[in-house]
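Here's a quick tour to follow with the model open in your viewer. Take it topic by topic, and find each piece on screen as you go.

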Amino acid sequence: MITLSRPGRWERFFWPLLAAALLLALWHYSVVWTATKVFPSPLSVERGLAELLRKHVLWSDIGDSLRRVAIGFGTAAVVGVPLGLTLGWYPAVNQVVNPVLQLLRPISPIAWIPVAIVFLGIGDRAAVFLIFLGSFFPIAIACVSGVSNVPSIFRRAGRNFGLSPAQILTRVVFPAALPQILVGLRIALGIAWLVVVAAEMIAVDSGLGYLVIDSRNSGKRYDLVVAAMLLIGLIGLALDMGFRQFEKMRSVRWGFGHES
Amino acid sequence: MPMPALTTPPAPNVKLRMEHVDMLFERDGKSVSVLEDINLEVRDGEFVCLVGPSGCGKSTLLNVVSGFLSPTSGSVTIDGEVVRGPDPRRILVFQDRGVFPWLTVEGNIGFGLSNLRVAERDQRIAHYVQMMRLQGFEETYPSDLSGGMKQRLQVARALAVNPDILYLDEPFGALDSVTRLIMRGELLRIWQTERRTIIFVTHDIDEAVQLADRVVVLSSRPAKIQDILTIDIAHPRNISSTRYLEHRDDLLRKIGVAYTV
């Protein structure tokens, strides 16, 4: 039956929970029916998770991963936003630099690992560099298109009120482009979280990526592998939801479906 | 073609003068004439409507006069000074989406006032909030305002910097007909209290006859001044009076000619 009434509050939680429960059941019975010796059941993953939590390395692994993302993503934002704004503001410069950006952008940060290790050695700096690379391009490109998509009517209003070009950039173009810049930052943060795990599998010996690969290498502990994977997913989700809070700021909400 | 000399000396209270304004655009290697030999004088405090078929170049003319476009030849002078670019003494109000969605009503009105002291700025904002009947919405963002309120806000933002001239480019074109009628009344009210010079572009005949001291009829492309009508009816105008209807029919006839030429 089709009704126009909005789903009840309980339904908003009930159906997703039911789906999750069904998925867990499917996982559990698949393990039971296939009698696999390698892949862990949900219960053993849960025990593995409890074990990781008891061993205090987990918190330092999480801390290390978050720290690398913070530095790599933070640097990418600090470099990428001003650069992207500049390129968007000077289309002539953008025409020169854009082909290089477009060429470098599709190269997976993973492909940079050998280069990163040659220049920065095995260690934190290489991992941070890879995260920087992964998040820099989406940020810069979002800023370029954010600036070029600013309706000319806003710039003209800025000029009409006697603003200097620098003031038009800070008081008109930047706030007008901010919703799109935030989208770019959010995408970049998601990529940074993907890249940190990959980088930690190769370049360093701490962090959640290292935990995954180390659990496999030291005794094929697949319960710990899957537990670490789930944690990576949960933290990634938390980061994304946290970042989404910025979209609720009153000065950018107009750019997120609350069309003026 | 010889340029006709100005036979009459300029009247002392002329605010704005367009002399032999031509505008050519380059399009696909061909040059298209949009404005042709526009000559017009607008008196200080006068309300002038520009009407003409859509696409005839009314908005282009307004962009030239407000300094956003340079004419291909000819000149626009205000108070005897040649216009060389946009200027906060003359504010252009757009049809819609002109207000800044990232600023509140107060932020929008105060946008052009950043060089004033805070107290003076706040006072100016409060004054125009009241004049444009936006009380209670000071902290509201444009996305939560109706179309009519957004246009009132745009006019308030323009008036706040105390311009001599307001250029309005079909400012009520995106509004429903009832709101449009109310907005015309509001605009006349502030024009009568503040006495600014207003140049108002519209394609709505009734709007022009209701508002203007003079209606300038532009021909279809390239736009030339085809006729100028003086509407000598005092405000408030009774829009079902014979005088009003005579003016309207007169204008309709003239536009009709413009459409068929």
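Into which domains is chain B divided? There's domain 1, covering 1–89 + 167–261, and domain 2, covering 99–162. Keep in mind that this is a predicted model. With that said, let's walk through it.

**How the domains of chain B meet**

- Where the two touch, domain 1 of chain B puts in eleven residues and domain 2 of chain B puts in eight.
- On the domain 1 side of that contact in chain B, eight residues are nonpolar, one is polar and two are charged.

**How the chains meet**

- Chain A brings 18 residues to the contact, and chain B brings 17.
- On the chain A side, helix 7 (152–160) and helix 8 (165–202) each supply at least two residues.
- Helix 7 of chain A gives the largest share of that side, with six residues.
- Sorted by class, the chain A side has nine nonpolar, five polar and four charged residues.

**The nonpolar core**

- The largest nonpolar core holds 130 residues, and the ones touching the most other members are Ile131(A), Ile139(A), Cys143(A), Ala192(A), Cys49(B), Ile199(B) and Val215(B).
- Which helix gives this core its largest share? That's helix 8 of chain A, with 18 residues.
- Both domain 1 and domain 2 of chain B give residues to this core, so the core lies between them.
- Pick out Ile199(B) and, ignoring neighbours within four places in sequence, you'll find it in contact with Val42(B), Val48(B), Leu50(B), Leu62(B), Val65(B), Ile165(B) and Tyr167(B).

**A four-stranded sheet in chain B**

- Chain B has an open sheet of four strands in the order 2-1-4-5, paired in the antiparallel sense.
- As background, strands of a sheet pair through backbone hydrogen bonds, either parallel or antiparallel.
- The edges of the sheet are strand 2 (30–43) and strand 5 (81–82) of chain B, each pairing on one side only.
- Strand 4 (residues 73–78) of chain B runs antiparallel to strand 5 of chain B, and two bridges join them.
- Look for Thr77(B), whose bridge partner in strand 5 of chain B is Val82(B).
- Helix 1 (residues 58–65) of chain B packs on this sheet and touches strand 1 (14–27), strand 2 and strand 4 of chain B.
- The direction of helix 1 of chain B makes about 65 degrees with that of strand 2 of chain B.

- Strand 9 (residues 214–218) and strand 10 (residues 225–230) of chain B pair in the antiparallel sense over five bridges.
- Six residues make the hairpin link from strand 9 to strand 10 of chain B.
- Pro222(B) lies in the loop between these two strands, and the peptide bond from Arg221(B) to Pro222(B) is cis, with omega near -10 degrees.
- Another cis peptide bond joins His235(B) and Pro236(B), with omega about -5 degrees.
- You'll find Pro236(B) in the loop between strand 10 and helix 7 (242–260) of chain B.

**A closer look at Val105(B)**

- Is Val105(B) buried or exposed? Val105(B) counts as buried because it has 29 C-beta neighbours inside 10 Å, and the cut-off for buried is 20 or more.
- Val105(B) sits in helix 2 (residues 105–109) of chain B.
- Leaving aside neighbours within four places in sequence, the contacts of Val105(B) are Val129(B), Leu134(B), Phe137(B), Glu138(B), Thr140(B) and Leu153(B).

**Two residues with positive phi**

- Ala35(A) isn't a glycine, yet its phi is positive, about 50 degrees.
- Ala35(A) is in the loop between helix 1 (9–34) and helix 2 (42–54) of chain A, and it's exposed, with 6 other C-beta atoms within 10 Å.
- Arg195(B), also not a glycine, has a positive phi near 50 degrees.
- Look for Arg195(B) in the loop between helix 5 (177–194) and strand 8 (197–201) of chain B.
- Arg195(B) has 12 C-beta neighbours inside 10 Å, so it counts as exposed.

Notes: Residues numbered from 1 in each chain as written. Chains lettered and ligands numbered in written order. Predicted model: local features only at pLDDT ≥ 70, side-chain atom pairs only at ≥ 80, totals over all residues. Domains from an automatic or database assignment. Contact = placed C-beta atoms within 7 Å. Nonpolar A, V, L, I, M, F, W, Y, C, P; charged D, E, K, R; others polar. Pairing = 2+ DSSP bridges. Axes fitted to C-alpha atoms, helices over the stretch in contact; angles between N-to-C directions. Core = buried A, V, L, I, M, F, W, Y, C linked by C-beta atoms within 7 Å.
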